[in-house]
Amino acid sequence: VALTDASHRIVADLLCARTGQQLTDNRLWRVSSALAGIFRERGISNLDQLVCLLGDADEPDLATQVVEALLNNETYFFRDHAYFSILADNVLPEIARRRAASKRIRIWSAGCSTGQEALSLAMLFAARPECWADWSIEILGTDISIRALSVAASGLYSQFEIQRGISIGQMLQFFSETPQGWQANDAIRTMVRFKQASVLDAPPHPGNFDLVLCRNVLLYFAPPTRRAVFERLSQATAADGWLMLGAGETVIGQTDLFVPAPCGATLYHPVGNRPQTIRTPVEQALAGLPA
Ligand SMILES: C[S@@+](CC[C@H](N)C(=O)[O-])C[C@H]1O[C@@H](n2cnc3c(N)ncnc32)[C@H](O)[C@@H]1O
């Protein structure tokens, strides 16, 4: 198959219109397997038949279901564990110093999928009550996928999902076993809020986020779309805030709105409006300055 195939083109255009994602030739092999469930439910066997049904007045939700099925919602708790350690040990303490007066931290998990990233962040705070007890911590997770967000909102995960990334200790501390699976406790859920939004839309309320995570989301966007997303992310990031991308992702050659932060781990600072006098301990060490 190739994208010149009319039915593939229609599905690719639908995905792009709804999410900004590009269905390149090298992702086409996934289409039929991703849509297999929809084929089965409808008793159809190929994409041409599906495309015919897309215009059917009896199938108002089919286009949404197709888009949902084509999204890659892969995620897990503490994905790229070392990066969460850098957040816990370097970034959050630095934000705490900068926000000592307001005692308010705002974080945005953009493309949060089923919520593991946002809840992993919440666990970092909950694990150190002595530092954060009297702070207002707001973690906003947004995603385009309603299906993923409904899992996120339920806070319910299977044993397998729990075991992918979190320790037994964390499981027992932050989750409770229910007949439906392991459910995140209020201790972490109250910090987190989920909302449907595209990263291409205007940044979500309240904006001015101290830390924005947009990990493993940008890879399916064409370069101009990716640039537009970086613009949104930079609008959403506080002048002295941080952006974290996924392992293997970079801003280099993609945008000049962010520059790499010296502590690595795909962390970036917004450019231009950042107060140059404030340096993180890592930056101070690298610059040979006294802490
Ligand atoms: C591979 S998951 C990454 C989840 C998590 N950030 C991580 O790194 O584990 C990518 C997520 O991006 C979401 N996504 C794709 N296009 C989007 C868009 N335009 N706006 C918001 N979310 C989008 C998908 O629905 C999916 O849940």
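This is a predicted model: local features need pLDDT of at least 70, side-chain atom pairs count only at pLDDT 80 or more; totals for chains, interfaces and linings use all residues.
In strand β8, the residue that forms a bridge with L211 is W242.

Helix α13, residues 223-236, takes part with β7 and β8 in a right-handed β-α-β unit. As a general point, side chains in a regular strand alternate between the two faces of the sheet.

Strand β8 also holds D240. With a relative accessibility of 12%, D240 counts as buried, because the cut-off for that class is under 20%. The side chain of D240 is in polar contact with the side chain of R99, at 2.7 Å.

Three strands take part, in the order β3-β5-β4, and their pairing is antiparallel. The edges of this sheet are β3 (156-157) and β4 (175-178), each of which pairs on one side only. Between β4 and β5 (residues 181-184) there are four bridges, and these two strands run antiparallel. One of the residue pairs here can be named: E177 has W182 in β5 as its bridge partner.

Attention now turns to the open spaces. Rolling a probe the size of a water molecule over the atoms shows where empty space is left. The largest pocket has a volume of about 380 Å³. It is lined by 25 residues, and those closest to its centre are N72, G111, D143, N216 and V217. Sorted by class, this lining contains ten nonpolar, ten polar and five charged residues.

The second largest pocket has a volume of about 160 Å³. Its lining includes F78, H81, F84, M123, R128 and F174. Which helix supplies the largest share of this lining? That helix is α6, with five residues. At least two lining residues come from each of α6 (81-98), α7 (116-126) and α11 (168-174). By class, seven residues of the lining are nonpolar, three are polar and two are charged.

A last stop is Q49, found in helix α4, which spans residues 47-54. Q49 is partly exposed, with a relative accessible area of 32%. A polar atom of the Q49 side chain lies 2.7 Å from the backbone nitrogen of S45. Q49 can also be placed relative to S7: the two residues are 42 apart in sequence, and their C-alpha atoms are 9.0 Å apart in space.

Conventions:
Residues are numbered from 1 along each chain as its sequence is written. Side-chain values use heavy atoms; hydrogens and water are left out. Two strands pair if DSSP finds at least two bridges between them. A crossover is right-handed if, with the strands pointing away from the viewer, the path from the first strand over the helix to the second runs clockwise. On a 1 Å grid over the protein atoms alone, a cavity is a set of points where a 1.4 Å probe fits but cannot get out, and a pocket is an open set with protein on both sides within 12 Å along at least five of seven lines; lining residues have an atom within 4 Å of a point. Grid points are joined across faces, edges and corners, and a volume is the space filled by probe spheres set on the points. Ala, Val, Leu, Ile, Met, Phe, Trp, Tyr, Cys and Pro count as nonpolar, Asp, Glu, Lys and Arg as charged, and the others, Gly among them, as polar. Buried means under 20% relative accessible area, exposed over 50%, partly exposed in between (1.4 Å probe, protein chains only). A polar contact is a pair of N or O atoms within 3.5 Å; within protein, one must be able to donate a hydrogen and the other to accept it, and residues adjacent in sequence count only if both atoms are side-chain atoms.
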